[in-house]
Amino acid sequence: MGRTIDPMNEVSVTVGASQALYLSLQTLVKPGDEVILFEPFFDLYVNQIKLAGGTPVFVPLTFVPYNDANDANDDNDDNKEITGGTWILEPEKLENAVSSKTRAIILNSPHNPTGKVFTL
């Protein structure tokens, strides 16, 4: 990346992701700050935000079922079984959630609990 890293001042080692997130939020978030979470989310995030004095702001991901080619001729939607799908982030929902109080966005990929891998 063309950048020299100072390991004594720019690297933190933690015992796991939960501690890393906790320390990051305690460092970044001040009372009154907002932190954006994508729903559904891992239940640990909300309380870690609140412990830091922040306010969680929820942005729902949208579940889109896969279209099965065999169902194309089936006009009875009531009997269709959903066997899979994908979660999408609608950019306008994120844009609407961002405010002058937004301090952080928690984005983990693959997303927990959906397994969604975010791409550009």
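Reader: Is phenylalanine 38 buried or exposed?
Author: Phenylalanine 38 counts as buried because its relative accessibility is 4%. Buried means under 20% relative accessible area, exposed over 50%, and partly exposed in between, with a 1.4 Å probe and protein chains only.

Reader: What sort of model and numbering is this?
Author: This is a predicted model, where local features need pLDDT of at least 70, side-chain atom pairs count only at pLDDT 80 or more, and totals for chains, interfaces and linings use all residues. Residues are numbered from 1 along each chain as its sequence is written, and side-chain values use heavy atoms, with hydrogens and water left out.

Reader: How many aromatic pairs turn up?
Author: Four, from a search of the whole structure. Rings of Phe, Tyr and Trp (its six-membered ring) pair if their centres lie within 6.5 Å; planes under 30 degrees apart count as stacked, over 60 as edge-to-face and the rest as tilted.

Reader: What is the geometry for phenylalanine 38 and phenylalanine 118?
Author: That pair is tilted, at 5.9 Å centre to centre with 40° between the planes. The pair links distant parts of the chain: phenylalanine 38 is in strand 1 and phenylalanine 118 in the segment after strand 5, 80 residues apart. Helices (H or I, at least four residues) and strands (E, at least two) are DSSP runs, numbered from the N terminus.

Reader: And phenylalanine 118, buried or exposed?
Author: Phenylalanine 118 counts as buried, because its relative accessibility is 18%.

Reader: What lies over its face?
Author: Lysine 116, at 5.3 Å from the ring centre of phenylalanine 118. The rule wants NZ of Lys or CZ of Arg within 6 Å of the ring centre and within 35 degrees of the ring normal.

Reader: What does asparagine 108 touch?
Author: Tyr45 and Phe118, not counting residues up to four places away in sequence; contact means heavy atoms within 4.5 Å. The side chains of asparagine 108 and tyrosine 45 are also joined by a polar contact of 3.2 Å. That term covers a pair of N or O atoms within 3.5 Å; within protein, one must be able to donate a hydrogen and the other to accept it, and residues adjacent in sequence count only if both atoms are side-chain atoms.

Reader: Which residues of helix 3 are buried?
Author: Tyr45, Val46, Gln48 and Ile49. Their cover includes helix 2, strand 1, strand 2 (55-60) and strand 5. Glycine 53 follows helix 3 and has a positive phi, near 90°.

Reader: How many residues are in the largest nonpolar core?
Author: Eleven, including Leu21, Val35, Tyr45, Ile49 and Ile106. A nonpolar core is a set of buried Ala, Val, Leu, Ile, Met, Phe, Trp, Tyr and Cys residues joined through side-chain atoms within 4.5 Å.

Reader: Which element gives the most to this core?
Author: Helix 3, with three residues. Another core lies apart from it, with eight residues, among them Val59, Leu61, Ala97 and Phe118.

Reader: Switching to charges, how many salt bridges?
Author: Two, where a side-chain nitrogen of Lys or Arg must be within 4 Å of a carboxyl oxygen of Asp or Glu. Arginine 3 and glutamate 10 meet at 2.9 Å, N to O. Glutamate 90 pairs with lysine 93, with the closest N and O atoms 3.1 Å apart.

Reader: Is arginine 3 buried or exposed?
Author: Arginine 3 counts as exposed, at 57% relative accessibility, while glutamate 10 is partly exposed at 42%. Lysine 93 is partly exposed too, with a relative accessible area of 30%.
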